[in-house]
Amino acid sequence: MSDQKNGTRGRTERRFDLDRFLASSTAVVNQALDRFLPAAKTRPATIHRAMRYSLFAGGKRLRPALCLAAAEACGGRRADALPLACAVECIHTYSLVHDDLPAMDDDDFRRGKPTNHKVFGEGIAVLAGDALLTQAFEIAGQCRGWPRYSHQTIVLELARAAGSLQLVAGQVADLEGEGRRISSAQLRYIHERKTSALLACSVRLGGMSANCGKAELAGLTDFGYHVGLAFQVIDDILDVTQTSEKLGKTAGKDTRAQKATYPAIVGLDKSRKIAEQLTRRAFAALKPFRGRAIALAALAEHLLKRDR
Ligand code: GRG
């Protein structure tokens with residue numbers, strides 16, 4: 001996207017140091033996750049080592065960053081959003097561990113390391129994913145509610161994003177679509193659920209932890225939805241344009257698995273344009289924040305321009 005067109009890049013870069021924001025959000029999230037998870041030596045040590053192996057393998061921590069940035073945009077405190085940011089990262093990591101299993105995407109390489117089942121075996125990898133998903137709800141279960149968002153609302157938000165109507169639904173449609181010709185509408189259905197739902201949940205939970213108002217929550221939902229869709233289009237582009245070393249996961253898998261992706265259906269150039277359009281829609285969703293969502297805007301731009 002050209003700087004002139006979106007009018008955001010120059011502004012966000014002058015006023016906002018995204019690298020610093022990401023470094024500090026990653027550091028606090030890693031410390032908090034370390035506190036929330038049982039120590040590696042806790043019996044049965046194998047499962048705790050396996051959970052920690054994938055959780056601390058070097059993920060980009062984008063969902064937690066979005067959660068913390070959303071809380072800040074709504075005038076909230078980082079400490080209030082932090083447990084929810086950790087819960088979302090546990091769900092995300094579980095989904096990757098299961099996605100890599102031979103019964104799913106069958107991958108040997110993730111976050112720059114051998115996948116969980118390659119190190120611990122398939123049985124333990126299934127259980128590590130299960131335990132990470134459960135851990136997310138244990139963390140969320142310890143959160144307090146806020147005047148506008150009860151404790152129950154927070155837990156429901158996570159459950160709905162991770163459940164059989166969203167994250168799991170996306171994965172089912174993805175699996176069933178392999179080797180088949182699918183329409184752009186069906187592809188959109190997959191992306192909305194497999195990717196967008198958890199990104200939207202991340203920013204919504206950040207807003208809820210700041211006791212945000214109705215208009216702010218609607219803006220965050222719209223922002224998360226469009227950033228999530230753009231994120232997956234870029235992910236598909238990177239799969240065909242980058243190396244495995246750069247991505248930290250096996251490149252070129254979508255083509256080999258005959259997966260429906262935007263590059264496969266509309267080509268690379270059109271896919272880039274679609275990602276730019278979606279990111280513009282995400283910027284537009286931040287209007288109600290009148291400049292307070294600078295970290296979210298910078299993150300949206302970063303996600304569009306990322307190369308891994
Ligand atoms: C229920 C058995 C069972 C499995 C569910 C839901 C699911 C498995 C898998 C979906 C996982 C998936 C691959 C979603 C796509 C989202 C995506 C592009 C993930 C990569 O996110 P990054 O780039 O990864 O943020 P890092 O490693 O940096 O955190």
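**Exercise 1.** In which loop is Asp 106 found? Describe its backbone and its accessibility as well.

*Solution.* The model is predicted, so local features need pLDDT of at least 70, side-chain atom pairs count only at pLDDT 80 or more, and totals for chains, interfaces and linings use all residues. Residues are numbered from 1 along each chain as its sequence is written, and side-chain values use heavy atoms, with hydrogens and water left out.

Step 1. Asp 106 is found in the loop between H6 and strand E1 (109-110). Helices (H or I, at least four residues) and strands (E, at least two) are DSSP runs, numbered from the N terminus.

Step 2. The phi of Asp 106 is near 55 degrees, a positive value in a residue other than glycine. Most residues other than glycine have a negative phi, and most peptide bonds are trans.

Step 3. With 42% relative accessibility, Asp 106 counts as partly exposed. Buried means under 20% relative accessible area, exposed over 50%, and partly exposed in between (1.4 Å probe, protein chains only).

**Exercise 2.** Determine whether Arg 61 is buried or exposed, and locate this residue.

*Solution.* Step 1. Arg 61 lies in the loop between H4 and H5.

Step 2. Its phi is positive, near 60 degrees, in a residue other than glycine.

Step 3. Arg 61 counts as buried because its relative accessibility is 4%.

**Exercise 3.** Which two residues does a cis peptide bond join?

*Solution.* Step 1. The cis bond joins Arg 43 and Pro 44, with omega about -5 degrees.

Step 2. Pro 44 belongs to the loop between helix H3 (18-36) and helix H4 (45-55).

**Exercise 4.** Describe the surroundings of the ligand, beginning with the number of residues around it.

*Solution.* Step 1. The ligand is surrounded by 19 residues, the closest being Lys 60, Arg 63, His 92, Asp 99 and Arg 111. A residue is near a molecule if one of its heavy atoms lies within 4 Å of it.

Step 2. The shell divides into 6 nonpolar, 7 polar and 6 charged residues. Ala, Val, Leu, Ile, Met, Phe, Trp, Tyr, Cys and Pro count as nonpolar, Asp, Glu, Lys and Arg as charged, and the others, Gly among them, as polar.

Step 3. Helices that each supply at least two shell residues include H5 (62-73) and H6 (78-99); H6 gives the most, with 6 residues.

Step 4. An oxygen atom of the ligand is 2.7 Å from a side-chain N or O atom of Lys 60. For His 92, the corresponding distance is 2.7 Å.

Definitions and conventions. Polar contact = N/O pair within 3.5 Å; in protein donor to acceptor, adjacent residues only side chain to side chain.
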